[in-house]
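Here's a quick tour of the model you have open. Grab a viewer and follow along.

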Amino acid sequence: MDWFTDLFGQAQQALFESVVQPIVFNLGYGNLLEDAFDATGWLLVGLLQIVVMLAVIGALQRWRPAEAVTDRRAIRVDILYTLIQRLGLFRLAMFFSLEPLADSLVSEMRMQGIPTFQLDAIWPGVTDQAWLSFIVYLLAFDLLQYWLHRAQHSWNWWWSLHSLHHSQRQMTMWSDSRNHLLDDILIDGAVVLVARLIGVGPGQFVALTAISQLLENLQHANLRVSFGLIGERLLVSPRFHRLHHSIGIGHEGFGRGTLGGHNFAVLFPVWDVIFRTSNFEDRWDPTGVRDQLPEEGGRDYGSGYWSQQWLGLKRLFGRDKIAPAHGGGDTPAGGASIDITGRAPAGGND
Ligand SMILES: [Zn+2]
Ligand SMILES: [Zn+2]
């Protein structure tokens, strides 16, 4: 790994000197050069991720698609989400707001004598071995993300935001970043805070995030691949996560959060096994949210970036009610089987 760290450091330096530093100086923010250098590391990670996506995951998608591509326009908006999240303003804003906020919160806690669960205090010596602490942090983050994801599906207000992620009916490697901005801020805020609490170093945090995000891109890919009997239980596969996006079995968010739902894990399916939410069936169902179906009210989640963000806020504040299905007052009983083979008419979303 050392050669990679060296190479990464050199590339970061070069990108900083040739692009970022001149811009920062021109804007009159010379006092922020040190932060700008760190931010350049994130920018480089984003660039590398997109190269790997295009070269590797994109090739896999063409090799063995899970479903035919019928709506390229729906994919384009997810590309925009990816560019904003991985390269653009979002990351910069997070970097200059959330991370310093988490820093001051954690140092305040220390001053007050509140325990912060630093890993090297709980397990002395573990941080001397970089690879071992990396694995421990990876597992800790993944457990945290599992429960954050469960919460996104369990609380109606949070589901009203997270359902945007699920509203993609043409899932691809770009869909991982398709999130409501508020949803992203909440999740990233929690992750950054916990990272500071348990004492993840800055370099390790970048590496953890970079690897997790790339694996998440792979899981969302339009790719008919599962990892086999054992592999499926070790690492979240495209099959495993696509099932989480499947209408009717992966999640339920129809006005009352999720009752049931499967495959919430982000990297390691072991959490779904332990907490009894795993589903290892080899099935490839249409993806989306149940209430997008015409017979379930045909909710519109928007087709462009801003309409999707706006409609998310409307759902959050209860201003985006849809007509109840079949004229009935309440939602259908949990697990009621519906025909999910038909896709929502394209015109409805455009
Ligand atoms: Zn979900
Ligand atoms: Zn997803």
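## The pocket, the zinc site and some buried polar residues

The lining of the largest pocket splits into 22 nonpolar, eight polar and six charged residues. Here Ala, Val, Leu, Ile, Met, Phe, Trp, Tyr, Cys and Pro count as nonpolar, Asp, Glu, Lys and Arg as charged, and the others, Gly among them, as polar. That lining is made of 36 residues, and Pro202, Gly203, Gln204, Val206 and Ala207 sit nearest the pocket's centre. Helix 1 (2-26), helix 2 (33-63), helix 4 (89-111), helix 6 and helix 9 are the elements that each give two or more residues to it. The space in this pocket comes to about 1,200 Å³.

A pocket, on a 1 Å grid over the protein atoms alone, is an open set of points where a 1.4 Å probe fits, with protein on both sides within 12 Å along at least five of seven lines; lining residues have an atom within 4 Å of a point. Points are joined across faces, edges and corners, and the volume is the space filled by probe spheres set on them. Helices are DSSP runs (H or I, at least four residues), numbered from the N terminus.

Keep in mind that this is a predicted model, where local features need pLDDT of at least 70 and side-chain atom pairs count only at pLDDT 80 or more, while totals for chains, interfaces and linings use all residues. Residues are numbered from 1 along each chain as its sequence is written, chains are lettered from A and ligands numbered from 1 in the order written, and side-chain values use heavy atoms, leaving out hydrogens and water.

Now for the metal. Which residues are the protein donors of the zinc ion (ligand 1)? They are His149, His153, His162, His166 and His244, each through NE2, at 2.1 to 2.2 Å. Donors are N, O and S atoms within 2.8 Å of the metal (3.2 Å for Na, K and Ca), and since water is not among the atoms, sites may look incomplete. Along the chain the donors follow the spacing H-x3-H-x8-H-x3-H-x77-H. His149 belongs to helix 6 (residues 130-154) and His244 to helix 11 (residues 238-244), so this pair ties together parts 95 residues apart in sequence. Both His149 and His244 are buried, meaning under 20% relative accessible area (1.4 Å probe, protein chains only). The zinc ion (ligand 2) lies 5.5 Å from the zinc ion (ligand 1).

Helix 7 (residues 156-166) is mostly covered, with nine of its eleven residues buried. Those buried residues include His162 and His166, and as a group they pack against helix 3 (72-86), helix 6, helix 8 (181-198), helix 9 (202-220), helix 11 and helix 13.

| Side-chain pair | Distance |
|---|---|
| Asp291 and Tyr301 | 2.9 Å |
| Gln309 and Tyr81 | 3.3 Å |
| Thr277 and Tyr146 | 2.7 Å |

Asp291 is in the loop between helix 12 (270-274) and helix 13 (305-316), buried at a relative accessible area of 3%. Thr277 is found in the loop between helix 12 and helix 13, and is buried at 7%. Gln309, in helix 13, is buried at 5%.

Note on methods
Buried means under 20% relative accessible area, exposed over 50%, partly exposed in between (1.4 Å probe, protein chains only). A polar contact is a pair of N or O atoms within 3.5 Å; within protein, one must be able to donate a hydrogen and the other to accept it, and residues adjacent in sequence count only if both atoms are side-chain atoms. Contact means heavy atoms within 4.5 Å.
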